[in-house]
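Good morning, and thank you for coming. Please look at the model on the screen while I go through a few of its features.

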Amino acid sequence: MGFRLNYIFFYKLRNTLRMTGKSADLKNLKFYIHTFGCQMNNNDSEHIAGILDSCGANPSDSLEESDLVVINTCAVREKSEEKLYSLLGRLNSIREKKEKNFAIGVVGCVAQLHRSKLLEKMPHIDFILGPDNYWQIPEIIPKHHEEKIISTKWSKDWHEIPDEQTLRTSRVSAFVTIMEGCNNFCTYCVVPYTRGREKFRPAPHILTEIQELAQNGYKEIQLLGQNVNSYIDPNSQMGFVKLLRKVNTVEGIDWIRFIASHPKNFSTDIAKAMKESERICHQLHLPVQSGSSSVLHRMNRGYTRKEYQQIIKDLRRQMPDICLSTDIIVGFPGESDKEFQETMSLLEEIRYTNIFSFRYSPRPLTKAENITDDVPFAVKKERLIAVQELQKNIQIETNQSLIGSTIKVLCTGKSKKDQNIYSGRNKGYQVINFSSKKKVMDQFVNVQITSCGPYSLRGHTV
Ligand code: SF4
């Protein structure tokens, strides 16, 4: 889903580069960033905004009034790419109406995937930067008048973006990237071709960033990476479990989460560390993709239905209150009715708090692209509706069981539908919309749950 960072709510930790004048001068340039995709992309956009800000540029919340538009793209699904082309079309008309200079940059996964082909298709783009290259923005903006710029070279080493160059969208909840890239090559997934192979951020940098966030009043952090479970500190060889335990010792942070995990790399030790670390939320997103072992094999996921069930059993044994979420793909090539029913029965058995479900669509460069996409569109659609209906009923039942209880919530914003209603999440990462007589933005509050829908809980502060 498209996500536009709301600059009105940007918060800076520090901005020393701007003061020392070490960066390129982009004074008074107004920029707008449109972000597609996952939390990692959101965090990258916070870095891009921070880099531009440190050079004197100013965030804008209007496409039309900006001098520079950066689109941070997602290549995971076809739909997101289609939305990119429609946005680029709109930007072209804006540019035609504008008298002054208007630069358009495409960065991230689609930029990496299509490179010069993207420019052939959309010649009004001024620059293209891969996920490993967006930090070059200040150098290339002054040059874009003279030439089109494409920079998509991967680096094996971690490129550290300092805290000073991060404009965060929240004052209390922060993303902290710990690794990037993927070595797994699931047959449907384009990520190893856009983000490259796994590379890991040195642990001292991660811990310093979290300590600084705590000092600046942040209450919640989310460790990010394509496969955080495979984390290894490049210098000390410390693994993910030890990192989690170290992060848990940072005073001031109340809630720690991490995403994305891979069932293949999810060990009992991680579950044990979650149980024993008081700051780590009993909440986990563990993508299963399919409930059928034969489909999982064709997807090259590296685990069976039974092995996945065993992980869930172990997690629930250690943390009976854990909230689980997952990703589901329906209509992977060759998926029979029987195989699809195995996904349905797994959903019924596990009863996730939330799921993200999608119709399979072939992505460039992946192995599955060469397998006939033989599940008809209508069947995929039917299966997606069935999955979502089943899950909706499960969520209604789960949420109804919380009515009458009082839940700790971190308030991070206002409800999209009603600006008089606050919004936040509980430890289980469920959305809670609530009323309060006092101003409670960016605070922990206790909310009594009075009603619910399938996707959120509602109540009032007590
Ligand atoms: S683990 Fe699989 S689905 Fe996840 S990013 Fe890597 S290749 Fe893609």
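Two strands are said to pair if DSSP finds at least two bridges between them. Helices (H or I, at least four residues) and strands (E, at least two) are DSSP runs, numbered from the N terminus. This is a predicted model, in which local features need pLDDT of at least 70, side-chain atom pairs count only at pLDDT 80 or more, and totals for chains, interfaces and linings use all residues. Residues are numbered from 1 along each chain as its sequence is written, and side-chain values use heavy atoms, with hydrogens and water left out.

I begin with strand 20. Strand 20 and strand 22 (residues 457-461) run parallel and are joined by 4 bridges; here Ile432 stands opposite Leu457. Strand 20 (residues 431-435) also pairs with strand 19 (residues 422-425), in the antiparallel sense, again over 4 bridges. Ser423 has Asn433 of strand 20 as its bridge partner. The hairpin of strands 19 and 20 has 5 residues between the strands, and Tyr429 there takes a positive phi near 70°.

Next, the helices. How do helix 12 and helix 13 pack? Helix 12 (residues 305-318) and helix 13 (residues 337-350) have axes 12 Å apart, at an angle of about 10°. Axes are lines fitted to C-alpha atoms over the stretch in contact, and angles run from 0 to 180 degrees between N-to-C directions. The two helices are therefore roughly parallel, a term for angles under 35 degrees. Contact means heavy atoms within 4.5 Å; the residues making it include Tyr308 and Ile312 of helix 12 and Leu346 of helix 13.

How values were computed
Angles under 35 degrees count as roughly parallel, over 145 as roughly antiparallel, 65 to 115 as roughly perpendicular and the rest as oblique.
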